[in-house]
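Here's a quick briefing for anyone meeting this structure for the first time. Take a look, then read on.

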Amino acid sequence: MAESLVCKNLGKTYKTGSNALRNINLNIPTKGIFALIGRNGAGKTTLVRILATELLQTKGSATINGFDVVKDADKIRQLIAIVPQEGRIIPWTTPRQMVISYLLYRGFSYKEAKQRADESLKKLDIVKYANTQSSHLSGGIKRKALVAAVISSEAKIIFLDEPTTGLDPISRADLWDVLKEMKKDRFIFLTTHYLEEAERLADKIGVIEDGKLFALGTLQELRKKIKYEYSVEVFGKGAKIKPKTGEVVTGLDEHKQIFTTAKEANRLSKELIKKGIRFSSNPVSLEEIFYYIVKRSIDTDRKNGEEKEKGDDYGA
Amino acid sequence: MAKRKKKEMTMELKRSKWSQLLASILVNTIYAMQNFPIMLLNSLLAPLSFLIVITFVSHGALLSVAIEGAFIMTMVSAGMALQADLSHLKNDMKVQDMVVSSPTSAFMYIAGMGISEIIYFIPNIFILSILAVLFIHVSIQAALVITAVMAIMFVFSIALSFLLSTFTQDIIQGWAFTTLVSTLLSTIPPVYYPITYIPMPYQYIAYLSPTTYAAQIAQSASGFLAISPMQFAIDWIVLILAAVVMFIIAAKKTRWREI
Ligand SMILES: Nc1ncnc2c1ncn2[C@@H]1O[C@H](COP(=O)(O)OP(=O)(O)OP(=O)(O)O)[C@@H](O)[C@H]1O
Ligand SMILES: [Mg+2]
């Protein structure tokens, strides 16, 4: 069967009337890491929960490796594991007990569950807290314990809904390493508000806004979506610099950021070096792309008053 | 060929249903009691309260009937406790979401959770059994009847619990359901005393609750209540029907996957 995740005209209107997803069309291979980014309330969790067979869509269909999320839910449930956005470790268990219980739910023997639990607690560097009642643990450790549970399993497809929220920068980087290792033989569907995370980890990135998929592709592909793919930051005070093409954003302390083409960025760099002005020149970051895409959509929506119903089609 | 492939796939990981049951028992009873020992005390004492009140008020006359009532109510409490526990795990920890997106089926999850509630109440059942041996002298046959009634009441209340838990959005609401249902099933119905103690028009209200039929069967089996064989048969039919209907409603209306 096709090793891919496909959504066809997928839509979800909650009973409250809230249109969480409108016509999502998506076709991505189920390997590597897919990161879904979008503002609060954009529909990330709704999409994840539908794909993870927790929530029923109101429109369209979705398949994972050829299995329909509704009709073949039993088969999909053998393949997947999830850390829900609001998932919490059970307060009266220890991280080790939590991981063991989760593995038992997946059908592992107690002996194997213990073994796997110890391995994954080690991987996430929380062995020290393995036997501490979790209501006495910090938020980040608790979050890690849940991630440990899921990655200790045999699931080939893993949904992580904001797994690194609340983790310190070092723990986050550690988790990134774990995910990078994992993606070799599994598919990870990740949502995050840390765009750097998506940038560093994801093989493919989706941008969702107001229930519509606005962009999909590799970072390079997303860069092409916006007018200017380079960003030149100029730190020199009072530097007079005029790009031939592009947009200049002046921030605090006369800090200037110039969005421009690769060619113009190259020319500007030479000019700045000649003038001895401190600067940096980079391809636009995901953060900038995100801002550009989403901001533009919000502005158009405001201008049009009415929201448009149609989402774009994106293929693999 | 296809058959062989299927076999290979299942060979990959032999998932054990026992593990899935064990998971619920660990999560909901063993780990909880380990970390919060007060729960054990609660389990020992919970359904004894009514027993004590009835015994004192009747100057001991109703002790034996009340013990039987406590047996039945232990099963109802166990079933109803499930509702609050499920609601807590589902809404506050999203554990149920993690389980839904896993190979554990709704049935295995509920079965495991149900068993965990019984295990939780084992200390209580143990104490009641001691009291029963000391104060009521029933035949083995009557004891079997009472056990069967307890089992049916348990099925009834876990089905009801699961049904309610799927509709709760918060533990506060869960507690409200539990208290409400426990009241309906245990306060009005004559579980701890014979139905003849209830003045006439109110007896009809009591007959709305399946616990009334359960108690009537138990009380007549042990000779506290004289009812016609016809009535005895009707009681059984109503009781079993209530459990079956509740089970079917639960199976049809509960939401494993949210809508
Ligand atoms: N259970 C629910 N009932 C009704 N509406 C809901 C429900 N869950 C989410 N919504 C609505 O659906 C929309 C999308 O919510 P969703 O949780 O999918 O967003 P999200 O992208 O995950 O946001 P966040 O980044 O804040 O987690 C929101 O408008 C939200 O109010
Ligand atoms: Mg979310």
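Predicted model: local features only at pLDDT ≥ 70, side-chain atom pairs only at ≥ 80, totals over all residues.

Residues are numbered from 1 along each chain as its sequence is written, chains are lettered from A and ligands numbered from 1 in the order in which they are written, and side-chain values use heavy atoms, with hydrogens and water left out.

**Metal site**
- The magnesium ion (ligand 2) has A:Thr45 (OG1) and A:Gln85 (OE1) as its protein donors, 1.9 to 2.1 Å away; donors are N, O and S atoms within 2.8 Å of the metal (3.2 Å for Na, K and Ca), and water is not among the atoms, so sites may look incomplete.
- These two sit 40 residues apart: A:Thr45 is in helix H1 (residues 44-51) of chain A, and A:Gln85 is in the loop between strand E6 (80-83) and helix H3 (95-105).
- Helices (H or I, at least four residues) and strands (E, at least two) are DSSP runs, numbered from the N terminus.

**Sheet in chain A**
- Four strands form an open sheet in the order E2-E1-E4-E5, with antiparallel pairing; strands pair if DSSP finds at least two bridges between them.
- Strand E2 (19-29) and strand E5 (67-68) are at the edges with a single partner strand each, so one side of each has no neighbour in the sheet.
- Strand E1 (residues 4-13) pairs with E2(A) over seven bridges, and A:Leu5 stands opposite A:Ile28 in E2(A).

**Chain B**
- B:Leu180 is found in helix H10 of chain B.
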